Amino acid sequence: MEDWALIRRLVADGVPQRQVAKDLGVGRSTVARAVASTSPPKYERLEQPTTFSPFERRVRDLLAEHPQMPATVIAERVGWSGSITWFRDNVRRMRPEQRPVDPADRLVWEPGDAAQCDLWFPPAKIPLEDGSAKLLPVLVITPAHSRFVLGRMIPTRKTEDLLLGSWELLQQLGRVPRRLIWDNEPGIGRGPRRAAGVAEFMGMLATRLVLLKPRDPESKGIVERRNGWFETSFMPGRTFASPADFNTQFADWLQLANSRVVRTVKARPVDRLDADLAGMLPLPPVALQLGWRNRVRLGRDYYVRVDSNDYSVDPTAIGRLVDVTADLERVRVRLGGRVISEHARVWARGSTITDPAHVATAKVLREQFQRPRAIADNDDLTRDLADYDRAFGLTGTEAAS
């Protein structure tokens, strides 16, 4: 390399090639090649046939038809009897060349056009009401044009909670993107199927749901990169006392995160948000009726179930139809449109939530039911025998005989 550079410098300074060859002790053809070359010289080992060479064509054919076939199976199919390590090394080198090509286009996101939605599972268990700890999902929505991030921890990944969380985040945003992009989340839908209530939700928002096909990470890469960013920038060094504590810390951090410059767009999300909002749709004029909903006849144990937890109800409603509703924060039971019971929603599973007032009312009702009924003093159970005579039409002498 040094000789090549020296030859080119001397020739460039006007030294004749013959003199350069003499001074450096190299052939004149070497000097001529160095001057004519367009790139530095490098050592390239000549390819030599190896023990793998006779099998290469057959291995390529198998990989073209079955790109994921294990190297050990390929070795068996082609009759390889040499070192399996050497065979694996060659298959590993060839495998990327035989995979089908799936080009990824550069996507351009217009203002207001789309928001990418995903669930992020923070790698830390969150303490719950019963003393247990659990990994809980965080719903993340990112408008694609501005890269503005909204997120909230939710109790479950079931449809009811996914729609409740989506509605809350869209209310924070103040507008509705024209498309909501999901990656086949079971609580939203897969393929042509939509989870119960999802189509109605999208219709009320006047937006369009886009469910991505499998193996299409580029179409949702913005929100997925944010999920990885949360784990490296938000999570380190943090502890959480409850889901509410997590949401408070996450909301505070997102205010700072949305004020940082995004490398790919060379701007801060807060600075691009107004243009994004201008292209979006308005929120529905009325609040959506979302969440857990059920109508049941209250049983003798005066409890109703929401998700996996049981909540007590005023026992005076036993035997009557009651309407049970729940959102991310509260559980309410109504009788004839009037709220008769209300509890904070518990995120732990398999819990029983009891209001002491309901227990006291049940005790009073139970005592009243078990109390013996008093018999009135004027209840005379004797009957006049003449009543029977009149009933059978017996009068006068017939009755006497």
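Reader: Which residues in α5 meet which residues in α6?

Author: This is a predicted model, in which local features need pLDDT of at least 70 and side-chain atom pairs count only at pLDDT 80 or more, while totals for chains, interfaces and linings use all residues. Residues are numbered from 1 along each chain as its sequence is written, and side-chain values use heavy atoms, with hydrogens and water left out.

On the α5 side, the contact (heavy atoms within 4.5 Å) is made by Ala 71, Thr 72, Ile 74, Ala 75 and Val 78, and these meet Ile 84, Phe 87, Arg 88, Val 91 and Arg 95 in α6. Sorted by class, the contact of α5 with α6 has seven nonpolar residues, one polar and two charged, where Ala, Val, Leu, Ile, Met, Phe, Trp, Tyr, Cys and Pro count as nonpolar, Asp, Glu, Lys and Arg as charged, and the others, Gly among them, as polar. Helices here are DSSP runs of H or I with at least four residues, numbered from the N terminus, and helix α5 covers residues 71–78, whereas helix α6 covers residues 84–98.

As for geometry, α5 and α6 pack at an angle of about 105° with their axes 10 Å apart, each axis being a line fitted to C-alpha atoms over the stretch in contact and each angle running from 0 to 180 degrees between N-to-C directions. That angle makes α5 roughly perpendicular to α6; the label applies from 65 to 115 degrees, with under 35 counting as roughly parallel, over 145 as roughly antiparallel and the rest as oblique.

Helix α4, residues 53–65, also packs against α5: the two axes come within 10 Å and cross at roughly 125°, and α4 and α5 are therefore oblique to each other. In this crossing α4 passes α5 in a right-handed sense, that is, with the near helix turned clockwise from the far one by less than a right angle. From α4 the contact takes Phe 55, Arg 58, Val 59, Leu 62 and Leu 63, and from α5 it takes Ile 74, Arg 77 and Val 78. Its residues divide into six nonpolar, no polar and two charged.

The remaining pair is α4 with α6, which pack at an angle of about 50° with their axes 10 Å apart, and that makes α4 oblique to α6. Their crossing is right-handed. Helix α4 contributes Glu 56, Val 59, Arg 60, Leu 63 and Ala 64, while α6 contributes Phe 87, Val 91, Arg 93, Met 94, Arg 95, Glu 97 and Gln 98. By class, the contact of α4 with α6 holds six nonpolar residues, one polar and five charged.

Read together, these lists show where the contacts share residues.

Definitions and conventions:
Helix = DSSP H or I, 4+ residues; strand = E, 2+ residues; numbered from the N terminus.
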